[in-house]
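Q: Please take a close look at the charged pairs here. Then place them among the other features of the fold.

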Amino acid sequence: MSTLFTNISQLVTPAPGSQRGAAMRELTVIENAALLVRDGLIVWVGAEKEAPSTPETHDLGGVAVVPGLIDPHTHAAWAGNRLADFEARVAGVPYETILANGGGIRSSIAATAAASIEQLVTLARPRLVALRQSGATTVEVKSGYGMNFDAELRMLRAIQMLSHEFDLSPTLLIHVPPTENREDYVRGVCETLIPEVATESLATAVDVFCEAEAFSVEETRQIFEVAQAHSLKIKLHADQFHAIGGTELACQMNALSVDHLEASGPAQIAALAASETVATILPGVTLHLGLPASPGRVLIDAGAAVAVGTDLNPGSSPLFSSQMALALAVRLNGLTPAEALTASTVNAAAALGLSDRGSLSVGMRADFLALYGPDWRELPYTLGANPVRDVFVRGNSVGGVKL
């Protein structure tokens, strides 16, 4: 089955594969374009006047087309809420006090651990719908709010069920250490949890939160080695508050990505620039918590590959729009519009170990967005409205927002 998508004012795309440094600004822009899709893949792209003839055409109405966005970092499967935390925090209550009063991340852990698989699916589904309507055609979803192993497995099984409705990349997140028996917990992660997740194919990667308040560099190394021994990719939360060596470890061990990076300094930036590991920045955290912004501009200028994610979660980034994350990366992290598009497409795909999407090039998956307007720059420009009219996955319309 072939379909020729016509009447495209601008077709705008980065080249396939991870793009580093100045290459992140290099977009192909085809005016008055067309796109030929066969069996879910792109088989031709170019000027419409040169398009091959095909019996099936789809007129897109003279609007701009860009690749589908990819969200490489979310925590979309959670239960409970952090509304009281939010109200207290903006009133000036310290996080330590919120935590002591039963709030904070441990309240999300308690609520999520008490939820069934079916409840987690019901809660996560509208969040994933919102991300898709904002332009996300592939979304990573982490566990990590379970802490106890049964709850972690329930989260991953909920994500697996949702994978029948959405294109998801599931990640096992080792998020928060217990207050007691920490060594036993890490041993259990290595000897029980990771092997079970690998045997049941519940995740494609293992992520660890490596921070002064979370897991140490040595604990992270132990977990990473076991993950790799079970053929799982590795990712890292690091440098959100302190740079303690996690970024350097991740680069040494060929992690797919290091995410957050708000506290990264010259050593961490140099390590990322010299490695294949993607630097994933999360501007929603900066907006919501008022943290310093990740050094996106400096990372790109140093030659790193930078990706952008929403970090959708209840505590630090209640951001339900991949398009907004892209737009915020321009305003908060110093990316150009072209760099932000690359960061949200092919580089975000690389952060998930995916090489078949993110670019509107021959042989790639036909995941793309039709905007409302004729100029693609509406995507990074727009705040508070959705510039995405239609979302296509493998050449099939899966939704959008109709005005």
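A: Arginine 389 and aspartate 390 are both buried in this predicted model. The two are joined by a salt bridge. Their closest N and O atoms lie 2.6 Å apart.

How many salt bridges does a search of the whole structure find? The search finds 18. Another of them pairs glutamate 339 with arginine 25. Here the side chains meet at 2.7 Å, N to O. This pair links distant parts of the chain. Glutamate 339 sits in helix H13, which covers residues 337–343. Arginine 25 lies in the loop between strand S1 (2–14) and strand S2 (27–38).

Arginine 25 has a relative accessible area of 40%, so it is partly exposed.

Glutamate 219 belongs to helix H7 (residues 217–229) and arginine 182 to helix H6, so the bridge ties together parts that are 37 residues apart in sequence. Glutamate 219 is buried because its relative accessibility is 12%. Arginine 182 is partly exposed because its relative accessible area is 30%.

Asparagine 181 lies in the loop between strand S7 (168–174) and H6. Its phi is near 55 degrees, a positive value in a residue other than glycine. Asparagine 181 is exposed because its relative accessible area is 54%. Asparagine 7 also has a positive phi, of about 60 degrees, and is not a glycine. This asparagine 7 lies in strand S1. At 32% relative accessibility, asparagine 7 is partly exposed.

Now to the nonpolar side of the fold. The largest nonpolar core holds 92 residues. Which of its members touch the most other members? They are Leu128, Leu172, Ile174, Ile223 and Leu299. Helix H6, residues 182–199, gives this core its largest share, seven residues.

Leaving aside residues up to four places away in sequence, isoleucine 174 touches Tyr185, Val189, Leu193, Val206, Asp207, Val208, Phe209, Phe215 and Ile223.

What about empty space? Rolling a probe the size of a water molecule over the atoms shows where such space is left. The largest pocket holds about 1000 Å³. Its lining has 37 residues. Arg82, Tyr95, Phe241, Leu289 and Ser316 lie nearest its centre. Helix H1 (83–90), helix H2 (95–100), helix H3 (105–113) and helix H10 (283–289) each give the lining at least two residues. By class, that lining has 18 nonpolar, 11 polar and eight charged residues.

There is also one cavity of 30 Å³ or more. The largest cavity has about 50 Å³ of space. Strand S5 (69–71) and helix H12 (322–333) are the elements that give two or more residues to its lining. Residues lining this cavity include Leu69, Asp71, Val308, Thr310, Ser322 and Ser344. The lining as a whole has five nonpolar, four polar and one charged residues.

One more stop is alanine 115. This residue lies in the loop between H3 and helix H4 (117–133). With a relative accessible area of 5%, alanine 115 is buried. Beyond residues up to four places away in sequence, alanine 115 touches Ala79, Leu120 and Arg154. The C-alpha atoms of alanine 115 and alanine 327 are separated by 34 Å. Along the chain, these two alanines are 212 residues apart.

Terms used:
Residues numbered from 1 in each chain as written. Predicted model: local features only at pLDDT ≥ 70, side-chain atom pairs only at ≥ 80, totals over all residues. Heavy atoms only, no water. 1 Å grid on protein atoms, 1.4 Å probe; cavity = no way out; pocket = protein on both sides within 12 Å on 5 of 7 lines; lining within 4 Å. Points joined across faces, edges and corners; volume = space filled by probe spheres on them. Helix = DSSP H or I, 4+ residues; strand = E, 2+ residues; numbered from the N terminus. Nonpolar A, V, L, I, M, F, W, Y, C, P; charged D, E, K, R; others polar. Core = buried A, V, L, I, M, F, W, Y, C linked by side-chain atoms within 4.5 Å. Buried < 20%, exposed > 50% of the residue type's maximum accessible area, 1.4 Å probe, protein only. Contact = heavy atoms within 4.5 Å. Salt bridge = Lys/Arg side-chain N within 4 Å of Asp/Glu carboxyl O.
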